[in-house]
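Hi,

Here is the structure I promised to pass on. Have a look at it first, and then read my notes below.

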Amino acid sequence: MTDTKSSWDRYWAKGGASALPLSDEEQSQLGQYWQAQLLRNTPKTITSAVELAAGAGDLTTQLMPFLRQYQPEPVLHAVDSSAEALQQLQARFQHIKPLQCDLAAVPLADNSQQLVASQFGIEYGGAAGFKEAGRLVAKDGVILLLVHHNDSEIFQQCARNNRMIRSMHDEQFFSKVGHWYRLAQPDAAASPSDIMTARTTLMDALKQAQQLLQQTGLVSLQIRQFYQDCAEMAAKVHLYQLTELLDWLERMQAELVHSQRRGDAMQQVALDFQQLDALCRAQWQSLQLEHHIEPFELAGKTLGWFVKANKKPA
């Protein structure tokens, strides 16, 4: 858990943006989807709202203009366990109320929020996160969530990404690249035979990686760019200082390790319908909340589950 948290902190500290595999047009459609759900499901009066696991602020971008339609403008509390995430978020949205805390212990009163929302975040808090959402929602309020689906395009891309990263480690890809960088330096005390062997080993590794990329399917831009940069820098190795090359390689290896940890965490929290339905029932039934779950699809892609919950009519 500590390793995963540090990986997310590192991501937010570097200004990490949305990791969703969406084009600009699809991102726009996602925004339209949220606006429609907010218009359809939120109460007529909102004085206070909370976004759980706000992260990069993808959902905040939708909530802020929607809430401005209310007068006076409601308070939007942005909850996240990462100080780095909230710092980035507040730089973008000065009027939010950041709350750095665990999803299981949000410092807001019971039944105090007319809107409780989350986009691909609440599930990281497990049952405790869902329980807290139920505690926070007002009697006339609503819970609106997008939750990771265990057979979504996002889930599948995480699996493909992690397969590629594990392959790099299994095939000692980083070691082969670093070995070539060292031997190819003009002042390296290496024989022509050693240099040729190192180059051949690297070219074979790059070729194998290219074949694996073709077999695996679409992976993140970060991974594709890394392989491309390795190939280009191997061909132009004399243009760089050895320390530059090795520092870059070390940074990339660290970034990919952290990316793998985030991907592993996402795959662990993704749910099928039965798991999600059982989770909602277990945490909300005693609070007299009724819920509805449906797949969230966009441009032919299943991206997650949409969950709506509110108090049962008297």
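Let's start with a definition: the expected span of a helix is 1.5 Å times one less than its number of residues. Keep that in mind for helix 8 (residues 192-216), which has 25 residues. From its first C-alpha to its last, helix 8 reaches 36 Å, close to the 36 Å expected. Its buried residues include Ala-198, Leu-202, Ala-205 and Leu-206. Among the elements that cover the buried residues of helix 8 are helix 6 (153-170), helix 7 and helix 9. Just after helix 8 comes Gly-217, with a positive phi of about 100°.

Before you go further, please remember that this is a predicted model. The mean pLDDT of the protein chain is 88, and 93% of its residues reach 70 or more. Helix 1 (residues 2-13) has the lowest mean pLDDT among the elements, at 50, while helix 11 (residues 273-284) has the highest, at 98. Where pLDDT is low, the predicted coordinates should not be read in detail.

Now for the inside. Which residues touch the most other members of the largest nonpolar core? They are Trp-34 and Leu-115, in a core of 35 residues. Helix 3 (residues 58-67) gives the most to this core, with five residues. A second, separate core has 31 residues, including Ala-184, Leu-202, Val-237 and Trp-248.

Gln-71 and Pro-72 are joined by a cis peptide bond, with omega at about -5°. You will find Pro-72 in the loop between helix 3 and strand 2. Gln-288 is not a glycine, although it has a positive phi of about 60°. Gln-288 sits in the loop between helix 11 and strand 6 (289-298), and it is partly exposed, with a relative accessible area of 46%. Ala-299 is not a glycine either, and its phi is positive at about 50°. Look for Ala-299 in the loop between strand 6 and strand 7.

Next, the rings. A search of the whole structure finds twelve aromatic pairs. One of them is Phe-173 with Tyr-227, edge-to-face, at 5.2 Å centre to centre and 70° between the planes. Phe-173 lies in helix 7 (residues 173-183) and Tyr-227 in helix 9 (residues 221-235), so this pair ties together parts that are 54 residues apart in sequence. Is Phe-173 buried or exposed? Phe-173 counts as buried because its relative accessibility is 3%, under the 20% cut-off. Tyr-227 counts as buried too, at 7%. Phe-173 and Tyr-227 also belong to one aromatic cluster with Phe-174, Phe-226 and Trp-248.

Finally, the charged side chains. Side chains of opposite charge can pair when their charged atoms come close. The search finds six salt bridges in the whole structure. In one, the side chains of Lys-301 and Glu-26 meet at 3.3 Å, N to O. This pair links distant parts of the chain, with Lys-301 in strand 7 and Glu-26 in helix 2, 275 residues apart. Lys-301 counts as partly exposed at 24% relative accessibility, whereas Glu-26 is buried at 11%.

Another salt bridge brings together Asp-277 and Arg-281 at 3.0 Å, N to O. Why are these two separated by about one helical turn? Because they are four residues apart in helix 11. An α-helix has 3.6 residues a turn, so residues three or four places apart point the same way. Asp-277 counts as buried, at 16% relative accessibility, and Arg-281 as partly exposed, at 43%. There is also a network, in which salt bridges that share partners join Asp-110, Glu-132 and Arg-135.

Cheers

How values were computed. Residues numbered from 1 in each chain as written. Predicted model: local features only at pLDDT ≥ 70, side-chain atom pairs only at ≥ 80, totals over all residues. Heavy atoms only, no water. Core = buried A, V, L, I, M, F, W, Y, C linked by side-chain atoms within 4.5 Å. Buried < 20%, exposed > 50% of the residue type's maximum accessible area, 1.4 Å probe, protein only. pLDDT = per-residue confidence, 0-100. Phe/Tyr/Trp six-rings, centres within 6.5 Å; stacked < 30°, edge-to-face > 60°. Contact = heavy atoms within 4.5 Å. Salt bridge = Lys/Arg side-chain N within 4 Å of Asp/Glu carboxyl O.
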